[in-house]
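Open the model in your viewer and keep the selection tool at hand. The stops below are meant to be taken in order.

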Amino acid sequence: MSTNFVSPQMERSVKVGNMTRVQEFVLLGLSTRLDIRDVLFVTFLALYLLTLLENTLIVFLICSHTDLHKPMYFFLGNLSCLEMCYVSVTTPSLLVGLWTGPFHISFTACMTQLFFFVSLICTECTLLASMAYDRYVAICRPLHYPLLMRPQVCLSLAMTSWTGGMLVSVIKTACIASLSYCGPNVLNQFFCDVSPLLNLSCTHVALTELVDFISAIVIFCGTLLVALASYSAIGLTVLRMPSAAARHKAFSTCASHLVVVGIFYSAALFIYCRPSRIKSMDLNKVLSVIYTVATPLCNPIIYCLRNKEVHAVLQKTLHWP
């Protein structure tokens, strides 16, 4: 007489296999309150267009004027290109949600949006670290700057940032797309993000969580350490400068850079170092707005539009006196 024994794990696998795979998700959007959605739509549309205008202007000025053909502006041009792509990945779905309310997005479209979002956020981390290193070499090792930041090195750093971000995104997106989504399909977010997708999975997510954790350590924490080490060394060098004017100039530049780095990394690390079980989704959405809308808007102002060289080039372009 034989006895058939089915383990709980096998029973769960059979149940999951018999469920219908989710073909689309529902994005709740930034807010479901009808009384404020119109105001938010106009506000974020204006911010989106302003962000595109700012960053397009920066790229045009850098490409069209030889005065700005320097390593610092090369990285700023890359950052501006990234910011335009960045906001164009997330903001349109935010605007659709504010205009129509909760809306459907196909599984393929959701994974595509996730891929570009993760790729760009990882690229931005590496670019910010590269820009911090550039400032470190310029201030702490000025005599070696032409050698250490020659065009080949700058191009290699930029290419590594873009290709590295894409590689990490391929791995993360593949892990998330391979999960089974067979239950609720409502994402309490305005775009397809890692944490809401993991919370909807009806299968074990241990491997995906491990990939998220490793990528957070390597990309977020690694680049943050590079940025902090660079600015710390700059701070020590600035304090030893004999000229008060030189100290003020270097400190004001690095302080503004640190503000951007601090805001971006604080919001991103809070979410992506612990992505699977964030209970306060409203807080999650507020933080997402900070690094998907506010940071791309502020970066050109802080990095470029306050810069005297950029001001001079802009005046020359517009034929101001």
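The tour goes from a sheet to a helix pair, then to rings and a salt bridge.

This is a predicted model, in which local features need pLDDT of at least 70, side-chain atom pairs count only at pLDDT 80 or more, and totals for chains, interfaces and linings use all residues. Residues are numbered from 1 along each chain as its sequence is written, and side-chain values use heavy atoms, with hydrogens and water left out.

**The sheet**

Select residues 24-27, strand S1, and residues 103-106, strand S2; the two pair in the antiparallel sense over four bridges. Helices (H or I, at least four residues) and strands (E, at least two) are DSSP runs, numbered from the N terminus, and two strands pair if DSSP finds at least two bridges between them. Within S2, Phe103 is opposite Leu27, and Ile105 is opposite Phe25.

Val186 of S3 is the bridge partner of Val26.

The three strands make an open sheet of mixed pairing, in the order S2-S1-S3. S2 and S3 are at the edges with a single partner strand each, so one side of each has no neighbour in the sheet. Helix H4 packs on this sheet and touches S1, S2 and S3, and the direction of H4 makes about 80° with that of S2.

**Two helices**

Now select H4 (residues 107-140) together with helix H6 (residues 151-177): their axes come within 7 Å and cross at roughly 145°. Axes are lines fitted to C-alpha atoms, for helices over the stretch in contact, and angles run from 0 to 180 degrees between N-to-C directions. Contact means heavy atoms within 4.5 Å. Among the residues making the contact are Phe107, Met111 and Leu114 of H4 and Leu157, Ser161 and Trp162 of H6.

**Rings**

Show the side chains of Tyr86, Phe117, Phe190 and Phe191, which ring pairs link into a cluster. The structure holds 10 aromatic pairs (rings of Phe, Tyr and Trp, its six-membered ring, with centres within 6.5 Å).

**A salt bridge**

Finally, select Lys316 and Asp67, whose side chains meet in a salt bridge at 3.4 Å, N to O. Lys316 is in helix H11 (residues 308-318) and Asp67 in the loop between helix H2 (34-64) and helix H3 (71-100), so the pair ties together parts that are 249 residues apart in sequence. The count comes to three salt bridges (a side-chain nitrogen of Lys or Arg within 4 Å of a carboxyl oxygen of Asp or Glu).

Note on methods:
Rings of Phe, Tyr and Trp (its six-membered ring) pair if their centres lie within 6.5 Å; planes under 30 degrees apart count as stacked, over 60 as edge-to-face and the rest as tilted.
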